[in-house]
Amino acid sequence: MLSKENSVVSPSLSITTKWEKPPGSGEILAGFLAPHPPHLVYGENPSQNRPKSQGGWDTLRWGYQRCREKIKALKPDVILVHSPHWQTVVGHHFLRVPKLSGLSVDPIFPHLFQYEFEMSVDVELADACAEAAIEQGLLVKQMTNPNFRVDYGTIVSLHMLNPDWDIPILGISAHNSPYYFSHDDAQDQMIKLGQATRQAIEKTGRRAVLAASNTLSHLHFDREPALPEDMSQEHIYNFEQYQWDMKIIELLKQGRWDEFQRMFPEFIEKTAAEIKAGSLMWMLSAMNFPAVEAQVHAYGPVIGTGNAVMEWDLQACRSSKPHAEGRL
Ligand SMILES: [Fe+2]
C-alpha cells in the first residue's frame with residue numbers, strides 16, 4: 001500500500017514509494033484499440049444508459065464481445081485507458097479517486113449517451129504512473145476531485161471492454177500537446193508516457209490490460225438520420241478515408257513500425273485521425289512496439305468515422321524479442 005506521506009499530490013514531488021507486491025513482477029497482458037463512439041453503448045442498451053435504441057453498429061459490437069471474452073480469461077488486475085475526451089491543457093492527469101460515480105453525458109450526442117457510471121480506480125497504480133512520468137520529465141497531476149465527471153471516451157471504451165465493471169481501472173487524460181506543439185514533440189510526450197506506464201505496471205506488480213480510446217479516420221457527417229441506428233444510412237465518409245484506414249490497419253496489424261512512423265503524420269492530416277490525441281502512441285510505447293501480429297476484431301463506420309477494434313496479445317508473444325526500446 002502506498003503510504004499517505006508518499007502520495008503524489010504535486011507535479012514537482014520527488015518521492016520514494018513502498019509497494020505491496022515485489023518490484024518487477026508486473027506485466028502488460030494485452031492492449032486494445034478501443035474506439036469510443038457513444039453509439040456503441042446506445043446500440044447495446046445497457047441499464048446504465050438512459051436513451052434506448054433498436055440496436056445498430058452490430059459488427060463493431062460483436063468485435064468488442066470477443067475482446068470481453070479475452071479479458072475475462074486474462075483476469076487482469078486493472079484496465080488502463082487513455083482518452084482523447086479527457087483533455088488537459090496543463091500536463092498528463094491520472095484519475096486518483098478510489099471510487100467514482102455519477103452521470104456522464106456526451107455533449108455532442110446527449111440523445112444517445114447519458115450514462116450512470118460507477119467505477120473503482122487503482123490509485124496505487126496512479127501514484128506509480130505519476131512518479132514514473134515525473135522521472136521521464138513530464139508534467140503530471142493527479143485528479144483527486146471526488147465529484148469528477150468522467151468523460152464519455154473513457155466510459156465507452158471501458159464499458160465495451162468490460163460491461164461488468166468488476167475490474168479496477170485507471171484513466172489517463174489526453175494532455176493537449178498534439179494540438180499545441182509540433183507532431184514530433186507531441187508524440188515524444190506520448191512515448192515517454194507509455195514508457196512511464198510500463199515501468200509503473202512492472203514496479204507495482206500489476207497484470208494490466210491497456211486500452212487506447214481512439215477512432216481512426218475522423219471525418220464525419222454533420223447530420224444524422226431521424227433514427228440514428230438506421231444502419232441503411234451508415235457508411236464510411238468516403239472511399240479515400242476507407243483506403244487510409246485500411247493502410248494504417250495493415251501496418252498496425254503487422255507491426256511495421258518504421259512504415260507506421262513515416263505514414264502517421266500524413267494519415268492524421270488526411271483523415272483528421274483521432275490518434276493525434278496520443279492514445280494509440282501511448283499504448284504502443286507502453287507495449288514497447290511489440291513484434292506481434294495484432295488481431296482485427298472489427299472495423300466499421302459510426303456517423304462516417306472509421307473505427308477498428310484491435311488486440312495485441314502480448315502473452316502470446318512474450319518469448320519474442322522486443323522491438324527497439326520505446327521509440328519508433
Ligand atoms: Fe472521440
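**Reading the model**

Modeller: Helix H8 (residues 257-271) has 15 residues and reaches 19 Å from its first C-alpha to its last, close to the 21 Å expected at 1.5 Å a residue. The expected span is 1.5 Å times one less than the number of residues. Helices (H or I, at least four residues) and strands (E, at least two) are DSSP runs, numbered from the N terminus. This is a predicted model, in which local features need pLDDT of at least 70, side-chain atom pairs count only at pLDDT 80 or more, and totals for chains, interfaces and linings use all residues. Residues are numbered from 1 along each chain as its sequence is written.

Biologist: At which residue does H8 bend?

Modeller: A bend is the angle between axes fitted to the seven residues ending at a residue and the seven starting there. H8 bends by about 40° at methionine 263, and proline 265 follows within four residues. After the helix comes alanine 272, with a positive phi near 50°.

Biologist: Which residues of H8 are buried?

Modeller: A residue is buried if 20 or more other C-beta atoms lie within 10 Å of its own, exposed if 12 or fewer, and partly exposed in between, with C-beta atoms placed from the backbone. In H8 the buried residues are Phe260, Phe264, Phe267, Ile268 and Thr271. Helix H7 (239-254) is included in what covers them.

Biologist: Why does arginine 206 count as buried?

Modeller: Arginine 206 counts as buried because 26 other C-beta atoms lie within 10 Å. Its place is in the loop between helix H6 (183-204) and strand S8 (207-212). Contact means that the C-beta atoms of two residues, placed from the backbone, lie within 7 Å. Leaving aside residues up to four places away in sequence, arginine 206 touches Gly26, Asp77, Val78, Leu125 and Ile201. The C-alpha atoms of arginine 206 and glycine 26 are separated by 4.5 Å, although these residues are 180 apart along the chain.

Biologist: Which way does strand S9 run relative to S10?

Modeller: Two strands pair if DSSP finds at least two bridges between them. S9 (residues 295-302) and S10 run antiparallel, joined by seven bridges; valine 296 has methionine 310 in S10 as its bridge partner. Strand S1 (residues 27-33) also pairs with S10 in the antiparallel sense, over four bridges, and glycine 31 stands opposite tryptophan 312 in S10. Of the nine residues of S10 (residues 305-313), eight are buried.
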